[in-house]
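I opened this notebook to record what I looked up, entry by entry, for a reader who is new to the structure.

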Amino acid sequence: GPTVPHAFRGDDFRVQVVGTDERGVVRWDIQEQPGVWLGPTPSMVGGTALVATHTTAVQQADGKTVVFAVVGGHLMRSTQTVAYRRGSWSWWVPIEQVAGTAPSFVRNADGRLEGVYVAYNGHVKQIWQQSVDGPWSAPYDTGIVTTGTPKIVRDLQDRLEILVPLATAPCGVKSWRQRAANGWTGWLAMAALFALFA
């Protein structure tokens with residue numbers, strides 16, 4: 001059946017949404033104008049009908065939306081071939097075998113997309129675009145294991161931060177934050193992180 005949908009406001013201020021239909025097939029839609037939905041049927045993503053358990057999306061600097069989906073235990077990616085247009089998607093690209101949790105993606109301050117997910121062995125992995133709107137890196141193992149769902153966000157200083165739930169960490173969360181546009185801190189328990197700002 002349908003998954004939890006993921007919605008976001010695009011660069012043109014229209015809301016986009018990705019999820020699955022009643023058969024579990026990945027679908028995407030965009031408002032015709034802010035506040036108005038007119039399309040009778042959301043676009044099928046990836047050129048072929050794939051049934052997913054999790055979906056998320058993020059917008060590249062060129063306006064094209066990239067959809068990520070967990071399909072049959074594998075993380076897959078499809079990118080719009082024309083920005084904002086229904087029915088214009090690349091074929092699905094497999095990334096890696098993953099656990100049954102949702103991936104998380106965001107746009108870095110320099111315009112490149114970056115994301116995190118949990119691999120099949122529980123390791124939190126990271127991937128990123130090697131250039132703006134460009135090719136993707138190989139998966140990078142961050143060195144931490146979780147049974148939860150990690151999130152990646154961009155903070156007030158335009159630095160990325162990865163938050164990973166861990167049952168043994170203070171506050172139940174560990175954080176990995178960019179030092180600048182590139183380079184990362186080591187893993188910090190949230191209590192230690194709060195102490196840095198005290």
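In which strand does Thr 56 lie? I looked it up and found that Thr 56 lies in strand E5, where strands (E, at least two residues) and helices (H or I, at least four) are DSSP runs numbered from the N terminus.

Before going further I noted that this is a predicted model, in which local features need pLDDT of at least 70 and side-chain atom pairs count only at pLDDT 80 or more, while totals for chains, interfaces and linings use all residues. Residues are numbered from 1 along each chain as its sequence is written, and side-chain values use heavy atoms, with hydrogens and water left out.

I then listed contacts, meaning heavy atoms within 4.5 Å, and left aside neighbours up to four places away in sequence. Thr 56 is in contact with His 6, Val 18, Val 66, Val 67, Phe 68, Pro 103 and Phe 105.

Entry on the largest pocket. I first wrote down how empty space is found: rolling a probe the size of a water molecule over the atoms shows where it is left. On a 1 Å grid over the protein atoms alone, a pocket is an open set of points where a 1.4 Å probe fits, with protein on both sides within 12 Å along at least five of seven lines, and lining residues have an atom within 4 Å of a point. The largest pocket has a volume of about 230 Å³, a volume being the space filled by probe spheres set on the grid points, which are joined across faces, edges and corners. It is lined by 14 residues, and His 6, Thr 55, Thr 56, Ala 102 and Lys 151 lie nearest its centre. Strands E5 (54-59), E9 (104-107) and E13 (151-154) are the elements that give two or more residues to this lining, and E5 provides the largest share, three residues. Thr 56 and Lys 151 are 95 residues apart in sequence and 12 Å apart in space, C-alpha to C-alpha.

Entry on the second largest pocket. I noted a volume of about 190 Å³ for the second largest pocket. Its lining includes His 6, Phe 8, Ala 57 and Arg 154, and strand E1 (6-9), E5 and E9 each supply at least two residues of it.

Entry on strands. Which residue stands opposite Lys 151 in E14? I found Leu 163 there. E13 and strand E14 (residues 160-165) pair in the antiparallel sense over four bridges, where pairing requires that DSSP finds at least two bridges between two strands. These two strands form a hairpin with five residues between them, and Asp 158 in the turn has a positive phi of about 65°.

Finally I followed E9 into an open sheet of four strands, in the order E9-E10-E11-E12, with antiparallel pairing. E9 and strand E12 (140-145) stand at the edges with a single partner strand each, so one side of each is left without a neighbour in the sheet.
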